[in-house]
Amino acid sequence: MNYFLAIVGGGPAGYTAAEIASKAGKDVVLFEQNALGGTCLNVGCIPTKSLLYGAKQYYNATHAQKYGVTAENVVFDFAAMQKRKTIVVRKLVAGIKQRLNNEHCTVVSGGAKVLDNIRQVWRIECNGEIYEAEHLMICTGSTNFVPPISGIKDNPAVWDSTDALAATELPKSMVIVGGGVIGMEFATLYHELGVPVTVIEAMPTILPNLDQEVVQVLLDKYKKAGIPILTQTKVESIDGNTVHYSSLSSEESKGEVSAERILVSVGRRANLQGLEALEGLELNRGAIVIDEFCQTNLPKVYACGDVTGKIMLAHVASRQAEVAVEHMLHDQMVNAQMENDQMVNAQMVNYNAVPSVVYTNPEIASVGLTETQAESMEIPVEVRKLPMTFSGRFMAENEGETGLCKMIVDSRTQTIVGVHCIGNPCSEFIAAASCAVRNGYTLSDFRQVVFPHPTVSEILHELL
């Protein structure tokens, strides 16, 4: 059978593209060698948040006296948390399967290999069968990056994030190599469940891509809570359960720290396996180069998600898939000289307005430019900031927390170019700030938006 679109990879980009194209009446074949949902659903976003929520419930119960509640003999069952996590993942995977259950979508389980392009038709092999398609979309995602540190390979004490999520028992102690988003979320999880944690980060700060004034709020809380965070520190080697490190700020400063488990989380790299036949495919730093419509330099070949190296977030992958499929449909209508009112209006991904969240406790949420980034672009900025305690709802529900919300404004045009918050539950209202940045709202424009009272989201209005 000849397909309109063949998709390699069933993560957020792949299953989103398959759903849109098949609902538009186009025949689609989707290949996935592991489980539908990809890294995010199976060994990333969803299982991590399921465990973090369990840890937060335990943490809240043991700190309930702040709210006039006394809970005695509070315990947690890590095995039960893991079981619940598995149930959540299975339900969501089943939901994806249901969404793709239509006459125009074929899902194939197995590793796909692109063979060639003959007469403008792409041929893909999977499980000994050959599939042909007019368009090809690469959604092969990313894999954990293993740094060249002596002692990592074949060390049973060393985990990556997948190992950590599959563990049936908590370690007695943990060293986390990497103070990025993944590292800090796991640091939160283990700390709140009572596991001693040490974080080692080579950069001058944890979460280096975020607003550093916001990050400092988290640093101060975690250091006060007793989490050692060693920044500007390089891991020299790992010997069994011991990490040997040196300070990058002092030549004489060396040290070591031991733990039952060592979690290495220093980033991810695009997965290009099975794409060797795509000769001439343009890459940049190991990721596939795409244009504003997610097209590669090869005809009728698109790429979406982590494999593009743009922003490795599930919601970016989904949006890229929407843009790519819309562009395919638009091109087909134009080539067929179709004139009707249903012509697809293909749009581009606005990477400047992509919200991001770090699910620590408290949460960090941000969108747009940081103060430092704006200044590096020579954008004159006005910085507006308030403690989150200016929100009555925040005060009522976050005893002992202060939080922070910053708004970065282009002082020439009074346009909002960035918003950065720390404080629960800022992940739930950062989309409002994303809309403001995406649509180029001025302060005057945003003042006309009515926020419900009492909500923590009102902090955005207070900044205006």
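Some ground rules for the strands: two of them count as paired if DSSP finds at least two bridges between them. Strands (E, at least two residues) and helices (H or I, at least four residues) are DSSP runs, numbered from the N terminus. You are looking at a predicted model, where local features need pLDDT of at least 70, side-chain atom pairs count only at pLDDT 80 or more, and totals for chains, interfaces and linings use all residues. Residues are numbered from 1 along each chain as its sequence is written, and side-chain values use heavy atoms, with hydrogens and water left out.

**Stop 1: the parallel sheet**

Select residues 174-177 and 261-264. These are strands S9 and S15, which run parallel and are joined by four bridges. Zoom in on Val177 and you'll find its bridge partner in S15, Val264.

Now widen the selection to the whole sheet. It is open, has five strands paired in parallel, and reads S8-S15-S9-S10-S11. At the edges sit S8 (158-159) and S11 (229-230), each pairing on one side only.

H6 lies across S8, S9, S10 (197-200), S11 and S15, and runs at about 170° to S10. For that angle, axes are lines fitted to C-alpha atoms (for helices, over the stretch in contact), and angles run from 0 to 180 degrees between N-to-C directions.

**Stop 2**

Rolling a probe the size of a water molecule over the atoms shows where empty space is left. The search uses a 1 Å grid over the protein atoms alone: a cavity is a set of points where a 1.4 Å probe fits but cannot get out, a pocket is an open set with protein on both sides within 12 Å along at least five of seven lines, and lining residues have an atom within 4 Å of a point. Grid points are joined across faces, edges and corners, and a volume is the space filled by probe spheres set on the points.

How many cavities of 30 Å³ or more does this rule count? The count is one. The largest cavity holds about 30 Å³ of space, and its lining is Asn144, Ser161, Ile182, Val264, Ser265, Val266 and Gly267. By class, that lining has three nonpolar, four polar and no charged residues. Here Ala, Val, Leu, Ile, Met, Phe, Trp, Tyr, Cys and Pro count as nonpolar, Asp, Glu, Lys and Arg as charged, and the others, Gly among them, as polar.

Click on Ser161, which belongs to helix H5 (residues 161-166). Is Ser161 buried or exposed? Ser161 counts as buried because its relative accessible area is 7%; the cut-offs are under 20% for buried, over 50% for exposed and partly exposed in between (1.4 Å probe, protein chains only). Leaving out residues up to four places away in sequence, Ser161 touches Asn144, Ile182, Phe186, Leu263 and Arg268, where contact means heavy atoms within 4.5 Å.

**Stop 3: the second largest pocket**

Select Tyr59, Lys221, Lys224, Gly400 and Glu401. Of the 20 lining residues of the second largest pocket, these are the closest to its centre. The pocket contains about 410 Å³ of space. H6 turns up again here: H6 and helix H7 (212-224) are the elements that give two or more residues to the lining. H7 provides the largest share, five residues. The lining splits into seven nonpolar, seven polar and six charged residues.

**Stop 4: the antiparallel sheet**

Move on to the open five-stranded sheet with the order S20-S21-S24-S23-S22 and antiparallel pairing. S20 (356-358) and S22 (381-386) are its edge strands, each pairing on one side only. From one strand to the next, the twist averages 15°.

Select S23 (404-410) and S24 (415-422), an antiparallel pair with seven bridges. Met407 stands opposite Val419, and Cys405 has Cys421 as its bridge partner. The two strands form a hairpin with four residues between them, and Gln414 in the turn has a positive phi of about 65°. On to S22, which pairs antiparallel with S23 over six bridges, Val381 being partnered with Asp410.

Now show the side chains of S23. In a regular strand the side chains alternate between the two faces of the sheet. Leu404, Lys406, Ile408 and Asp410 point one way, Cys405, Met407 and Val409 the other, and all are buried.

**Last stop: Gly309**

Finish in the loop between S19 (301-303) and H8 (314-335), where Gly309 sits. Gly309 is partly exposed because its relative accessible area is 39%.
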